[in-house]
Amino acid sequence: MLNDLAEIIAIKSEMGEAQEGAPFGVECRKALDWFLAKAKSYGFATCNMDGYCGYAEYGTGDTCIGVLCHLDVVPAGEGWTTDPYKLVIEDGYLYGRGVVDDKGSVVMCLNALKEIKDSAIKLRRRIRIIVGCNEEHGSECIKYYVQHGEIPAMSFVPDSDFPLINSEKGILHLMYSVPLDDFFAKNIAYISGGESYNVVPDHAKLSIFKDSPLGKQIMNICGGKVSDKIFTSSQVVGGILASGVRVEDYKATDEGEVITIETKGVAGHAMAPFSADNAIWKLFKFLACFGSSEIVSFMNEYICTPICAEALGIYKCDEVSGDLTMSMGIIKVDDNKLYFSLDMRLPISASHEEIKKQILSKLPGRAKIEEETFKPNLYIDKTSTLIQTLLKVYEESTGKEGKCLICGGGTYARELPNAVAFGPTFEGTETNIHNIDEHVSIEEFHKAAEIYKKAMIALAK
């Protein structure tokens, strides 16, 4: 398994430009080709579904059970202590982008299926491992499978947490645009941060025209030479510290015609923004130290705050699906507009249409929605055969209580009927998915593989 994992981790399968036969880029296609070749070498029937997805299958029977994994990964980001695209084994842990989300699961399940085949275990249903290449950017891959492939009788998705997820929040992605106000138009040359809706960014950058009113003010405070002294000045330091931000998270650079301000934070998954530290927020905390701006005031009051959902008046919570969370993942300036993305994870009690209206009502004038995607909630009753079978496998394998959990993350489970997320992360374990130094212990890696083998057998029997 570790040899297989090293091979697939080395493929940088981030979302790329679409090409013929590679709708999500050549690296994602390489990862799919690797899977299909490996599965074929293990003696499984395989199918490539036009580069969107593929599957490996074992057994006979009129119906199949599905195991759904994905081969694409989010960008590695900066600050890793190891090479993110090289499997590193150190002190009992595996490090690399995708060791948990979700290449590790691909390898576990493929090798578990090989053990089932080699043991010639008699099954009533076929077992089909389905892999996609676009889970991190909309799951168009599995939607393609649903349109063209056989729908399994039951499925599990090894892309979340143990014991089992029976409730996934709705996911609302919105990209807003706001015409630049005078402050931005006169002072800001460039602003950028983040690459994905579903990742809290750990780096952001702001460039200020040196000859603008704000640029001249900064130069004056710094004594005519751009330096990090700006962040410890009396005009700035109080505002930064009052916002709970560290001065050390800022850096100022003289780049000729512009002054560049860079911020650093801690990346994380948008489903749990409170576990990360958004670098974009820090740009607006800095700008707030230099007078009034409609955009800056809005961002600080409603978006760049831990109580953003409450501030916007969109917060909801219910027993079966938890509470609403919100995260900003991307920001940029283009065509005299400020663009920013919001990733919201919605409980069943929240209406995504009402949320859109409420946010627009708070935004500065002439703001509008540029992009929108919504994935409805998933909820499966815990008394179902699928859930009871998987929880029994978990309890017998671990000796721990099997229970259903709520998750803010979105998995393939919501794209298919009778499907739930099942592992691979054990309770109380931190794996740094969507962050630097993604990792898992070797012990838990092998334990999850054992559980998946038993789960496949139990469902297929």
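## A tour from an exposed loop to the cores

Start by selecting Asp335, which counts as exposed because its relative accessibility is 58%, above the 50% cut-off used for that word. The model you have open is predicted, and every stop below should be read with that in mind. Asp335 sits in the loop between β19 (325–334) and β20 (337–346), and if you display its backbone angles you will find phi near 55 degrees, a positive value in a residue other than glycine.

Next, select Asn418, which lies in the loop between β23 (404–407) and β24 (419–421). Here too the residue is not a glycine and phi is positive, near 55 degrees, while the relative accessible area of 31% makes Asn418 partly exposed.

Now turn to the cis peptide bonds. Select Asp101 together with Asp102, and look at the bond that joins them, which is cis with omega of about 5 degrees; Asp102 is found in the loop between β5 (93–95) and α3 (103–118). Then move to Gly423 and Pro424, which are also joined by a cis peptide bond, with omega of about 10 degrees, and note that Pro424 belongs to strand β25 (residues 424–425).

The last stops are in the interior. In soluble globular proteins, nonpolar side chains tend to be buried together. The largest nonpolar core in this model has 77 residues, and those with the most contacts inside it are Leu5, Phe35, Ile129, Phe156, Leu390, Phe422 and Met456. A second, separate core has 60 residues, among them Tyr250, Ala279, Leu338 and Ile359.

Which residues is Phe156 in contact with, leaving aside its neighbours within four places in sequence? Select Phe156 and show what surrounds it: the contacts are Gly66, Val67, Leu68, Leu390, Val420, Phe422, Tyr452, Ala455, Met456 and Leu459.

Methods:
Residues are numbered from 1 along each chain as its sequence is written. This is a predicted model: local features need pLDDT of at least 70, side-chain atom pairs count only at pLDDT 80 or more; totals for chains, interfaces and linings use all residues. Side-chain values use heavy atoms; hydrogens and water are left out. A nonpolar core is a set of buried Ala, Val, Leu, Ile, Met, Phe, Trp, Tyr and Cys residues joined through side-chain atoms within 4.5 Å. Buried means under 20% relative accessible area, exposed over 50%, partly exposed in between (1.4 Å probe, protein chains only). Contact means heavy atoms within 4.5 Å. Helices (H or I, at least four residues) and strands (E, at least two) are DSSP runs, numbered from the N terminus.
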